[in-house]
Amino acid sequence: MTPAGASLLDRLAAIEGEGLAAIGEAADSAALESARVEYLGRNGRLADVMSLIGTVEARARRDVGQRANAVKTVLRGALEARAKALESATRGPSARIDLTLPARGRWVGGVHPVTRVIDEICEIFAELGFTSVLGPEIESTWYNFTALNIPLDHPAADMMDTFYLDKDVVLRTHTSPVQARVMETFRPPVRVVVPGLAYRRDSFDPSHAPAFEQIEGLAVDEGVDFVEFRAAIEHFVHHFFGRGTKSRFRPSFYPFTEPSAEVDVSCAVCAGGGCSTCKRTGWITIMGSGMVDPAVFKAVGYDPERYTGYAFGMGPARIAMVRHGIPDMRLLYEGEMSFLQQFT
Amino acid sequence: MNISFNWIDELARLRGELRDPRALAERLTMTAAAVEKIETVGAGLDGIVVSRVLETRPHPNADRLTLCRVDRGAGEVLDVVCGAPVVVPGAFYPHVAPGGELPAGFRIESRKIRGELSHGMLCSEAELELGRDKGGIMRLADGLEPGTPLAAALGLPDTRLTLDLNPNRVDLACHMGVAREVGGPPSPRDFRGPAWSPEWRDGESEVSGAGVTVRIEDLGRCPRYMAAVIRGVRVGPSPPWLAGRLLAVGARPISNVVDATNYVLHECNQPLHAFDLARLSGAEIRVRPAAAGEPLMTLDGQEHKLSPDQTVIADRDRAIAFAGVMGGLDTEVTGDTVDLLIECASFDPAGVRRTRTGAGLSTDASYRFERGIDIHAQERALARCVELILATAGGEADLIGLRAGPAPVPAAPIDVRVSRVNQVLGFGLDGAAVLAALEPIGFEALPGADGGDGAGGAADRLRVSVPGWRTDVAREIDLVEEVARRVGYDAATGQDRRFRPSAVPADPRVEKAVRVRDLLTGRGLLEARSLSFMPEDYRGNRAVVSVPNPLSAEESCLRSAMVPVLLRRLEHNYARGNRNVRLFELGTVFGYAAGPGREEEADGTGRFEESGRVGAVVAGARRPDHWSGPGLDFDLWDLKEIAGSFADRLCGATLEPLDGAGAAEAAGSGASLAGPWLSRGGFRAVKDGRTVGVAGAVDLASVDAPPWAAPAFALEFDLASVEGRPVPAYRKTSPFPAVRRDLSMTVPRGVPAADIERAAREATSDLLRDVRLFDVYSGEEIEGGRLGLAWTFRFRAPDRTLTDREVESEMSALSNALEERFGARIRRS
Ligand SMILES: [Zn+2]
């Protein structure tokens, strides 16, 4: 391209940039009109360039012409848009548009209410130095039962109806086997929470599911005692359920903890007065827990005289049901859009 | 487990606030066993009195009615029409007079029944809300004073507490056990009447005396069997105080003899059984394994065929009872029984479990034997039962008691260190406090251990005996729990401890899951959770893990992929009339390991493999409907954006087209992500040469969709391919304007757009910042066999405004490259 053609293209670029700026800055219709005259008027800057096209050699003439037309189109479009904007600004929009018409919506995604419960639990325990770990769902009977001080023929096994995949292989009946796996691999201080699925041969009904979420916690170190256990759980209760929530520990039995405790929180629905949510007791049971049984430490090779610890297990699905007032556990697993949408 | 408040009160002599049943329930809940329910038994019995039927005659107009002359005390004799099958002249029954009310609030008036006037009614247990028995009117013991208020005679009203026992605390299944927890040790006054203290005759496994022989054939199944013989009893209704106790705990009074055995069960946990001695052939008791196929009809009228792993009580000829579970019908005590043999035995817990599961039974007796009874208190329990029978049914007890099996060995004492108690609990207790917690519930301080005197002085190591009823206590830690419980779990409030953060690193999969959820929820998808099971027919080409003991055929296998499970959720939404579905789910899929399995090959889990997956399905409107105009449905290009972002942003993978044949091939491999749903092809995400995800339109054949359903699209990715959150490095943004150039061209059909874009980038410098295809067109104005594409290219330099000349030179290089490589024809306008 000749120098003449190139310089015209540069001039067109400048006209486009500066013209757009002038139009955009025009504060009223008078200013807009003078911008129009300056750039697009009969003797305006664009007309100047057009009049010079003839001076360019033939080969480049078409390119310059195309570019000039393009700039004209851009500036005209900008003028029109600016004129509309100025007009509606002076009249006010409400004069013509019914602003009560519905907005244009968009789909809002979200996590499952049980996921939210799990995440919040993990976050609260993270404040107390707990890390989140996971473990396999297909588990050996050693980790699922034996290492947790549960003999296979004990009446305690009655509490868990188990899916066996093979003679020594089960779908884990709780997330507790991860306790044993973690302790076999790491030395104290151990503070972990373990979210995951567990399986029991319960028929699918309003309060049971054959596959359900569980979250396990374990803290082991020198000097971890029942007092610390209680303080940690109270911290959790206050942060998860609210500072006004009371908690109580009462005796229970698990083969892998001793002393064992069930933890109840005061019923938020009736404030302790008794209602159908809390079965008229004023309390809702949220976890099974206790001090880790020395037999478990022995099974994983920890010195039970040196280390003590506590463990707990919760059902996030049940907690989500209490939290949102969901009457039937099966609703959580149906994947119905109108149900899931409520918790976004 | 039902507990009578009055009974506990009598045994424990409750004091202070515990005299309120609610306070007692609270104490039990917080220290021993949760009280699930508190209810009143025997309320509303005000107008109901003990009455005596003087004479009866048939109703003239109705076969099933009886006319009774009833004495309700104070000289008041009334005519009452009664519909019970049996009314015994001279016997005693509860009566409600005209003007009185039944507990349910039903008012009784004098009225004519089939032409005969009836003044009030004789009542059944069910009508009095004392039990479920509607079979007949409630017969009371003879010898009562007519006119006595029924409630007073039965010791009612009472409060029934329903306990949810922990599996280790079977000792709380009786009133003595509960009384120990809330009071002091029970007093001797609970044993009324002259003690039966027989001459005990012992035998290793066989013993004779009192006219009978007892033989244990397998001491492993039955370590001990005691028997007492009572002759000349009169079987009849129990005295009202005893009947009232059983009613209060929800048991049904049957007869004085049977009720006595039940009473002792509820009092001190020992299951007992009374046989009609006259019906035992050979006056013999044999405890033996059942013979295969041997018949036995139990008390409840059920016929059983036995197997050798079950244990029976037999006489000389046949089985007469399931050991530790239930007696037989043939030897049960009836109204005609005169001589009794009372069994007081101890059976192996596992054996009782086998016996009862084989018989499909679960009884009060088997519950206790399976969990452990107090083998040291059996003589006392048997004596207690004999006393009660003598007192309520008369007769004479033989002075010889039989004991077969070795005498039980006392439980070993346990040493408990005060320092250990404090290490675990942190309560800061001294030895005296530890003993003060243990002694009221039967643990006794013994001399020994550190040479302590047992008084809980300065010695760290205390030695305590274990009471026979605490079969669950064997270790030091068991005593630590007892101390914690007795001091109260709430003693631990309000203190803080310093802690060290975990040495265990967080599992990276947790953060990966967060990244996945963020990406998909940001695109308007909702997270679903479904059960991990599926029916067999979802399997496609993959060997799925079947569950040997599934709940139903619908749940007979473990899922091998996420999309098939999500398609069922899609169908569920269709069934609810919803065409707009956007779901994803993270979960585990299962299969058989192809090569060597997990490291624990030895424990059997190595046969299986499991891995994390995410699946998603979208169908229907891209945005909610709006009045401004019709919206568009999700299409393949929306899916490509989701899958492409997933691949690129989360996995560092590239999305490639996948044709139907490729999809079928991918579905065939062991760890397949694809399935029949992808048979039309779509995309695959490739990372390091490996397929880590697939996406595509869902084959309609794999979904049960209604006619109004929109096309559905799905994807499935391997979670292991998701990377940790990257930390991007800052790149300077340019303050100088970008220059845009549009370019229309035609290319031969079949040239992939992605190749054109790649070639355009290769032909230009790094001034080319953005390439966008904004139109694809075909039609008459295009030469045959060609396709029109319109592109926008944006150029920008970080440090200057680009001149037209620079941009033109980039564009001509680009145009030349496309013309040469693809035969593109650039359109000039
Ligand atoms: Zn409530």
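C68(B) sits in strand β4 (residues 66-71) of chain B, where strands (E, at least two residues) and helices (H or I, at least four) are DSSP runs numbered from the N terminus. This is a predicted model, in which local features need pLDDT of at least 70, side-chain atom pairs count only at pLDDT 80 or more, and totals for chains, interfaces and linings use all residues. Residues are numbered from 1 along each chain as its sequence is written, while chains are lettered from A and ligands numbered from 1 in the order in which they are written.

Why is C68(B) classed as buried? Because 25 C-beta neighbours lie inside 10 Å of C68(B); buried means 20 or more other C-beta atoms within 10 Å, exposed 12 or fewer, and partly exposed in between, with C-beta atoms placed from the backbone. Leaving out residues up to four places away in sequence, C68(B) touches V53(B), T56(B), V80(B), C82(B), V87(B) and L122(B); a contact has backbone-placed C-beta atoms within 7 Å.

Turning to chain A, you will find 11 helices and 10 strands. Its radius of gyration (over C-alpha atoms) is 36 Å, well over the 20 Å from the globule rule for 344 residues, so chain A is more spread out than a compact globule; that rule is 2.2 Å times the number of residues to the power 0.38.

Here are some chain A values:

| Item | Value |
|---|---|
| C-alpha trace of chain A along its principal axes | about 105 × 50 × 40 Å |
| Residues of chain A that count as buried | 44% of 344 residues |

Between the chains, 85 residues of chain A are in contact with 87 residues of chain B. Strand β7 (residues 247-254) of chain A gives the largest share of chain A's side, six residues.

How values were computed: Contact = placed C-beta atoms within 7 Å.
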